[in-house]
Amino acid sequence: MAVENELVPLALHANSFSAATPWFNSTAYRPHQIRHSHLGFGEQARPAEEFLLASRSHRHDRETANSVADYLDEKFTSLIARTDAESVPDAERVDLPASLPLDGSLDELIQRRTSARSFSGEPVDRAEVATLVRAAGGCTHPADSTRRVPGRAVPSAGGLFPVELHIVAIRVTGLERGAYRFAPRAEAFDHYGDTTAVQALLSEGLGEFGENPPARDAACVALLVGRPWRSMRKYGARGLRFVLHETGAMSEHLHLAANSLGLASTDWAGFYDEPANRALGLDGLYRTLLHTVLIGRPGEA
């Protein structure tokens, strides 16, 4: 006991020269809860917070003001009018059928919206998919003398439309199994990915956890693909906030339209970025998958 009592002061003396929690800097395994409890300790990377700081708006930011002014120049507005008007190769073009009517009041749709945890595995129809994509990103009214680009179902900062809507058809009557990009101004799909791309996305990209992953029985997956520099070229880092705003609006429209059609849907943010982008042929930076929504027939509750 005497020896132990003598060691206590020595141990306290040694610890007085140590960091409060030296193990934090001595391990590469740092769960998010540990990072949170050590926000004031050490030099840990905090990229999400750095983004929030970098994208703040300041009253006398002349660089951003001048960048925005460039987009108001007459020579530039004619170029903006061509935004999101990419052509669809005839060989890959799939014209969309007429949309189905969306029934139910907004209040009713909001009240009964819920995230699906299971799907039946039954197919959905091509017309239902056409209705969904138009509700989320379709053209709602034409361009005119004051509006250089057609109006859309969701707002887009500066009319730049930096978010593309893609559909991965797994079980869609009238659509081959594959990956499709929605071209709103062409009222068509661009069929760019085959069954190999679909299989790679499902098996490697979507992060299928558990014994009964929802993606396995979904009829299709809506993919929201961002092109951040479309917005950031005008608005700087704050433009990325606008990209995320648009992504959220499109996702919500998908859910409400699916609800109206009697379909089930759920957000699926647990995808793995690198394999998902690779499966879709995206570089992961200039064009990158931001969010996915699973859609299908309702399964057992």
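Okay, let's start with Phe-161: this one is buried, at 7% relative accessible area. By buried I mean under 20% relative accessible area, with exposed being over 50% and partly exposed in between, using a 1.4 Å probe and protein chains only.

Quick word on where this comes from: it's a predicted model, so local features need pLDDT of at least 70 and side-chain atom pairs count only at pLDDT 80 or more, while totals for chains, interfaces and linings use all residues. Residues are numbered from 1 along each chain as its sequence is written, and side-chain values use heavy atoms, leaving out hydrogens and water.

Back to Phe-161. Its phi is near 50 degrees, a positive value, and this is not a glycine. You'll find Phe-161 in the loop between β4 (151-152) and β5 (163-169). Strands here are DSSP runs of E, at least two residues, and helices are runs of H or I, at least four, numbered from the N terminus.

Now, Glu-187. Here's another non-glycine with a positive phi, about 55 degrees. Glu-187 sits in the loop between β7 (178-183) and β8 (188-193). So, buried or exposed, or partly exposed? Glu-187 is partly exposed, at 32% relative accessible area.

Zooming out to the chain: there are twelve helices and eleven strands. The chain has 301 residues, and 41% of them count as buried. On contacts, meaning heavy atoms within 4.5 Å: take those between residues at least 6 apart in sequence, and 74% of them join residues at least 24 apart.

Last one, the surface. The chain exposes about 16,900 Å², with 54% of that supplied by carbon and sulfur atoms; accessible areas come from the Shrake-Rupley method with a 1.4 Å probe, and for residues only the protein chains shown count as cover.
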